Amino acid sequence: MSNLFQNTSSFNLDVLEAKNVSPVPSWELEPVPIIVNPWHVLLCVTGTLMSCENAVVIALIVYTPTLRAPMFVLIGSLAFADLLAGLGLILNFIVTYIIDSGFVSLLSVGLLITAFSASVLNILAITVDRYLSLYNALTYHTERTVAFTYITLILMWVISTTLGSLPVLGWNCLEDDTTCSICRPVNKNNAAALAVSFLMIFALILQLYLQICKIAFRHAQQIAVQRQFMTTSHSSSTTKGVSTLTTILGTFALCWIPLAMYSLVADIRSPVIYTYITALPAICNSIINPMIYAFRNPEILRSLRIACCGCMPYRLTMRPRTPSDV
């Protein structure tokens with residue numbers, strides 16, 4: 001994305017040179033071929049896949065009356081953020097090769113920052129929700145939890161929108177390329193602030209999941225004491241839960257930490273190939289999110305099966321949350 005990342009295409013210079021050749025009549029000028037960067041095509045295809053996948057999740061949650069618990073509201077918000085990110089990638093491709101407007105470029109980058117910020121914050125909110133569902137299991141299903149969820153959602157989207165509006169409000173490098181980060185037209189200060197914020201959020205998520213593991217093991221021990229032995233089902237359930245947490249944290253870290261760290265040490269003068277290599281995993285995280293947070297959920301899976309083939313296997317019936325669901 002030449003508007004989001006460094007401008008590596010040379011056809012813009014050719015167009016400007018062609019426009020400055022005044023003695024040659026316009027009808028005699030040869031058309032300048034547009035060279036499409038393969039990375040831009042890959043990102044556009046990724047955005048399309050991302051949009052379609054998360055649109056399915058949103059449709060399932062909206063049209064299934066039983067999916068109204070706070071957990072599903074948060075999953076729906078995450079899917080909406082990832083859907084916006086996919087649309088932002090498609091819009092950025094259009095801006096790069098068709099519209100070619102500085103202001104529209106800022107809007108496109110602002111949409112991407114808003115969407116990816118909301119995606120990361122929604123993952124944090126889902127982690128908090130899972131922690132509360134185990135820590136306050138007796139009072140979790142109350143009106144207070146619902147109110148807390150919606151207040152959290154509003155706060156998250158306000159923060160994300162504020163971050164996304166900064167480039168439009170002047171935190172950009174359109175007038176001074178020396179201040180550009182690896183993601184043009186975002187300046188280095190803005191990129192550094194976003195990177196540090198992400199690292200802080202990741203540290204908080206890591207701490208919450210450690211607490212979730214402690215609670216899950218404590219619950220398993222209490223059950224073992226009450227029943228005088230640790231049943232195989234509870235032991236395997238707890239082990240599966242820890243394995244799931246490791247997968248979630250590992251995927252999140254591998255997708256986002258390389259881009260965050262690279263944003264702190266690099267700028268527009270750095271090789272653009274490194275920018276694409278570190279940014280692509282972070283973008284693909286929005287494709288992985290539905291698989292981790294939505295399609296692993298038995299209620300959403302059941303709704304998907306009903307929507308696809310009208311069947312409802314008995315093994316996907318409603319069941320309480322276990323440690324393996326964290």
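Which residues lie nearest the centre of the second largest pocket? In this predicted model, they are Ile-113, Phe-116, Ser-117, Val-120 and Leu-194, part of a lining of 40 residues. A pocket here is an open set of points on a 1 Å grid over the protein atoms alone, where a 1.4 Å probe fits, with protein on both sides within 12 Å along at least five of seven lines; lining residues have an atom within 4 Å of a point. The space in the second largest pocket comes to about 850 Å³, taken as the volume filled by probe spheres set on the points. Helices α4, α5, α6, α7 and α8 each bring at least two residues to its lining, and α4 gives the most, with 11.

Residues are numbered from 1 along each chain as its sequence is written, and side-chain values use heavy atoms, with hydrogens and water left out. Local features need pLDDT of at least 70 and side-chain atom pairs count only at pLDDT 80 or more, while totals for chains, interfaces and linings use all residues.

The protein chain holds nine helices and zero strands, both read as DSSP runs (helices: H or I, at least four residues; strands: E, at least two). Of its 326 residues, 47% are buried, that is, under 20% relative accessible area with a 1.4 Å probe, counting protein chains only.

The largest nonpolar core has 67 residues, and Ile-75, Ile-205, Tyr-209, Phe-252, Trp-256 and Tyr-293 have the most contacts inside it. Such a core is a set of buried Ala, Val, Leu, Ile, Met, Phe, Trp, Tyr and Cys residues joined through side-chain atoms within 4.5 Å. Helices supplying at least two core residues each include α2 (38-63), α3 (70-99) and α8 (272-294); α4 provides the largest share, 12 residues. Leaving aside residues up to four places away in sequence, Tyr-293 touches Ile-75, Leu-78, Ile-123, Ile-126, Arg-130, Tyr-209 and Ile-248.

Confidence is given as pLDDT, the predictor's score for each residue from 0 to 100. The chain averages 82, and 78% of the residues score at least 70. Among the elements, α2 has the highest mean (94) and α1 (residues 11-20) the lowest (42). The pLDDT is below 50 over residues 6-27, a stretch with 22 contacts beyond near neighbours in sequence, and also over residues 312-324, with 28 such contacts. Where pLDDT is low, the predicted coordinates should not be read in detail.

Key: Buried means under 20% relative accessible area, exposed over 50%, partly exposed in between (1.4 Å probe, protein chains only). Contact means heavy atoms within 4.5 Å.
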